[in-house]
Amino acid sequence: MNFNILTLGCKVNQYESQAMREDLLRHGYFLSEDKEKADITVINTCTVTAVSDSKNRKLINRVRRNNPEGIIVLTGCMPQAFPDETERFEGCDIVIGNRERGRLIPELKAFLADKIRRVDIPAHLNTGGTYENLTVSSFGEHTRAFIKIEDGCNRFCSYCIIPYARGRVRSKPLDDLKSELRTVADSGYREVVLVGINLSAYGQGEDFDLADAVEAACAVDGIERVRLGSLEPEQMDAPLIARLAAQEKFCPQFHLSLQSGCDRTLKAMNRHYDSAQYAEIVKNLRAAFDNSSMTTDVMVGFAGESEEDFKSSMEFVGSIGFAKVHVFPYSVRKGTRAEKMPDHVSPAEKERRAALMGELTDSSRREFLKSQVGLTEDVLFERLRRGFLEGYTKNYTPVHVASTDHSLCGEIRKVRIISSSDDFCEGELI
C-alpha cells in the first residue's frame, strides 16, 4: 500500500513526520507518486492558533474528497489538545494524538484487519513521562537535518495551548542523540538544527543540558554547522553562552521568542522575563559572538494591550535591531487563560498594530542586511532557482549568487557579499 504524509506547523512536526515516513517505509509501505491521492494519508496537525485548527479541518476535508476510499490517520497537536471534541476528527479512520507515534504501524494493521475506526489518544502525564525516542536518518532533498531533542513545555503562557497538546518537558537521552547525529552525518548532511517545543529546557531534571547537546553535535565528523531552533530567552544564562561560544561549528543565530516589548503585557502573558532582562541577554550574546543575528516573534493586540502598551513594545523592538521578526496579531485560543481575560482588542485594531509593527521590523531587517555587505562569509547553498544559487551564512543571512551550477547545492563555499535588498543579500563566489 502507498502513503502520503501531510504536515502542518513547526520544525518539530516536520521531524516527527519524517520519523513516521521512515517507519512506514521500513514496514513495507511505499510513498505515493501522486501527492493528492494515496491508500493511506497521515495528517500531522498543528494547533498553535485557531487559524491552525481551521487549516487542519480544511486539509482533512480535502484529503477525504480526493481519497474517498483511502485511510486517513490523524496525529499531532490538535487531537491531543482536544481529545473529547470528536467533531474535529470527523472523516478520519485512525486518531492517535502525539504521545505515542510508535503505535502508527500496529494501529494501521489492526484497522486493515477489521475496518473498525480507532480513536485512542493517551493523555500526557503531569510528571513529564518518558521521551518518545523517534529517530530519522535523512530529510529528503533538504540540505540541513532537523533533529528533535526535546518535547513538552512547563511554562503555561496565558495565551498558549501547547503545554496541553505536548505535555511536560522530556528530553532525548544524550547517547541516543549522539547515535542519531552520526546517522545523519553518514547520510551527508553538513548542517543540523536542534529543535524542541521548549528547546532551552533540554535536560531539565537530568544531568545534561542544551550545551551538552550542542557539544555532542559539534563533535561529529562530517557535521560542519550546528544551529538551534527557537529559544526561550531567560534560560540563556552566562555559563551556557560561554560554552556555546567555545564551539567553532556553532552558528551564531538566535531566535529568542520575545512576544512583546512591554513589561505589563509580558506579565499578563505569563512570560518569565521582562524587557530589561531580554535586552541584557541580547547584549551578552552579541559580546560573545562576532556578527551574530537576533530573530524573534512579536505578538500585537494581546488581551488588555493598550495603545500605550503597544507603543512601548514598538519602542523596545526598534531598540534591539532584530535581523528578522515574525509579527502576528493575537488570536484567541480556546482553553487558555487569556480566552477569559477582559478588554480584548478589536480585529481591526490588531491588524493596524500588526501593520505598524511590520513596517518597523521590515526596516530593521533592511538595516541588518546592509550591515552584511562587504563581508566574506561561508554560505551553505540549498537550491538553484532562476539562475541563482540560494543559501545561508552561519548567522542565517539569505544570500543569492548568480550561477547555474547545480552541483554546488549542499556545499559550503566562501562568498563575498556585494549588495543587499529588502529580504536577501547578493554575493559572488570567492
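**Pockets, salt bridges and selected residues**

The second largest pocket is lined by 17 residues, and those nearest its centre are Ile-5, Thr-7, Gln-18, Arg-21 and Leu-31. The model is predicted. A search of the whole structure finds one cavity of 30 Å³ or more and 44 salt bridges.

- The space in the second largest pocket is about 570 Å³.
- Strand β1 and helix α1, which covers residues 11-26, each supply at least two residues of the lining of this pocket.
- The largest share of the pocket lining comes from β1, which gives five residues.
- Sorted by class, the pocket lining has eight polar, six nonpolar and three charged residues.

**The largest cavity**

- The largest cavity holds about 30 Å³ of space.
- Its lining is made of Asn-4, Leu-6, Lys-35, Glu-36, Thr-41, Arg-62, Val-63 and Asn-67.
- Two elements, β1 (2-7) and α2 (50-66), each supply at least two residues of the lining of the largest cavity.
- Strand β1 therefore contributes to the linings of both spaces, because it supplies at least two residues to the largest cavity and at least two to the second largest pocket, with strands taken as DSSP runs.
- The cavity lining has three charged, three polar and two nonpolar residues.

**A nonpolar surface patch**

- Leu-25, Phe-30 and Leu-31 make a nonpolar surface patch of about 250 Å².
- Leu-31 is also one of the residues nearest the centre of the second largest pocket.
- Leu-25 is found in helix α1, an element that also supplies at least two residues of the lining of that pocket.
- Is Leu-25 buried, exposed or partly exposed? Its relative accessible area is 36%, so Leu-25 is partly exposed.

**Salt bridges around Arg-88**

- Side chains of opposite charge can pair when their charged atoms come close.
- Asp-53 forms a salt bridge with Arg-88, and their closest N and O atoms are 2.8 Å apart.
- This pair links distant parts of the chain, with Asp-53 in helix α2 and Arg-88 in the loop between α3 (77-81) and β5 (94-97), 35 residues apart.
- Asp-53 and Arg-88 are both buried.
- Arg-88 also forms a salt bridge with Glu-85, where the closest N and O atoms are 2.6 Å apart.
- Glu-85 is buried, as is Arg-88.

**Salt bridges around Glu-191**

- Glu-191 forms a salt bridge with Arg-227, with 2.9 Å between the closest N and O atoms.
- The two residues link distant parts of the chain: Glu-191 lies in strand β9 and Arg-227 in strand β10 (residues 225-228), 36 residues apart.
- Both Glu-191 and Arg-227 are buried.
- Which residues are linked with Glu-191 in a network of salt bridges? The network also includes Arg-144, Arg-225, Arg-227, Glu-382, Arg-383, Arg-385 and Glu-390.

**Two residues with positive phi**

- Asn-291 is not a glycine, yet its phi is positive, at about 55°.
- Asn-291 is found in the loop between α10 (275-288) and β12 (293-300).
- Asn-291 is partly exposed because its relative accessible area is 22%, and the buried class needs a value under 20%.
- Arg-386, a residue other than glycine, has a positive phi near 55°.
- Arg-386 is found in the loop between β14 (376-385) and β15 (388-392).
- With a relative accessible area of 68%, Arg-386 is exposed, because exposed means over 50%.

- Gly-196 has its place in strand β9, which covers residues 191-196.
- Gly-196 is buried because its relative accessible area is 16%, under the 20% limit for buried residues.
- Gly-196 and Asp-186 are 10 residues apart along the chain, and their C-alpha atoms are separated by 23 Å.
- Leu-240 is in helix α8, which covers residues 238-245.
- Leu-240 has a relative accessible area of 8%, so it is buried.
- Leu-240 and Asp-209 are 31 residues apart along the chain, and 8.8 Å separates their C-alpha atoms.

Key. Residues numbered from 1 in each chain as written. Predicted model: local features only at pLDDT ≥ 70, side-chain atom pairs only at ≥ 80, totals over all residues. Heavy atoms only, no water. 1 Å grid on protein atoms, 1.4 Å probe; cavity = no way out; pocket = protein on both sides within 12 Å on 5 of 7 lines; lining within 4 Å. Points joined across faces, edges and corners; volume = space filled by probe spheres on them. Helix = DSSP H or I, 4+ residues; strand = E, 2+ residues; numbered from the N terminus. Nonpolar A, V, L, I, M, F, W, Y, C, P; charged D, E, K, R; others polar. Patch = residues over 30% accessible without salt bridge, like charges linked within 9 Å, V, L, I, M, F, W, Y side chains within 5 Å. Areas by Shrake-Rupley, 256 points an atom, 1.4 Å probe, with all protein chains shown as cover. Salt bridge = Lys/Arg side-chain N within 4 Å of Asp/Glu carboxyl O. Buried < 20%, exposed > 50% of the residue type's maximum accessible area, 1.4 Å probe, protein only.
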